[in-house]
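Notes below, in the order I looked.

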Amino acid sequence: MLIAQQKRKENIAEYVLYMWQIEDTLRAYNLDTDAIEKQIVSRYDVTDNVKQQIRAWYNDLAEMMRVERVEHEGHLQINKNVVMQLTELHSELLRNPAESDYSSVYYKTLPFIVELRSKNPNKGISELETCFSALYGFLLLRLQQKPVSGETQAAITQISALLRMLSQKWQQRGGVK
C-alpha cells in the first residue's frame, strides 16, 4: 500500500508494474488472508494503525481478485483502468503536433511493439499493455537470473524509454484520478 501510493504519485508506469507484481504475490499465497498476514503484513515496521490499513489494502485486493475472477491470471479492473487511462493519454499525445518528441520515441518503439504483438496469441491487448507485459516479463527473467538476449535488451530499453516519457507526461498533467 505504501509503496503503491508512492509509485502512483511518482511514476505511473512503475505503479502498474508494481500492482501486477502485487497480484502475482497474492496469487502465490492463494489469496489466503492468513498467509498474507504472516508473510507480508507482519513484516512491516509501522504503527498498528498503519499496519491495519496495509492489512485491509491487501485483503481488499485479494477479495477483488476473487470477485473479478482473476485468482489465477489476468489483472484487476482498477489496474486495467490505469492502463486504459494511459492509453488515452498515449493516443492524445500522438495526435498532438506539439508532442513530436513523444511521437519520435513511439515510432522508434513501434517495431518492437509490432514484433511482440505478433508473438502474442491474445491479439486484443493494446500496444501499451504489450509494452507493460514485455517489461514485466523482463523483470521476472531478471529476478530468476535468466539470460536475456541483446535483441530483447534493446527492445526493453526502447520500451522503457517510451513508458518513462509517457509517465512524465502523465505527471505533468497531474495524472488522471
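For pockets I used a 1 Å grid over the protein atoms alone: a pocket is an open set of points with protein on both sides within 12 Å along at least five of seven lines, and lining residues have an atom within 4 Å of a point. Grid points are joined across faces, edges and corners, and a volume is the space filled by probe spheres set on the points. This is a predicted model, where local features need pLDDT of at least 70 and side-chain atom pairs pLDDT 80 or more, while totals for chains, interfaces and linings use all residues. Residues are numbered from 1 along each chain, and side-chain values use heavy atoms, without hydrogens or water.

I get about 270 Å³ for the largest pocket. Its lining includes Lys7, Glu14, Tyr18, Asp24 and Tyr136. Helix H2 (12–28) and helix H7 (127–143) each give two or more residues to that lining. The second largest pocket comes to about 230 Å³. I count 13 lining residues there, with His75, Lys80, Val83, Ile125 and Glu129 the closest to its centre.

**Rings.** I called two rings of Phe, Tyr or Trp (its six-membered ring) a pair if their centres lie within 6.5 Å, with planes under 30 degrees apart stacked, over 60 edge-to-face and the rest tilted. That gave me 4 aromatic pairs. One of them is tyrosine 106 with tyrosine 107, edge-to-face at 4.9 Å centre to centre and 70° between the planes. Trp20, Phe132 and Tyr136 make up one aromatic cluster.

Note on methods:
On a 1 Å grid over the protein atoms alone, a cavity is a set of points where a 1.4 Å probe fits but cannot get out, and a pocket is an open set with protein on both sides within 12 Å along at least five of seven lines; lining residues have an atom within 4 Å of a point. Helices (H or I, at least four residues) and strands (E, at least two) are DSSP runs, numbered from the N terminus.
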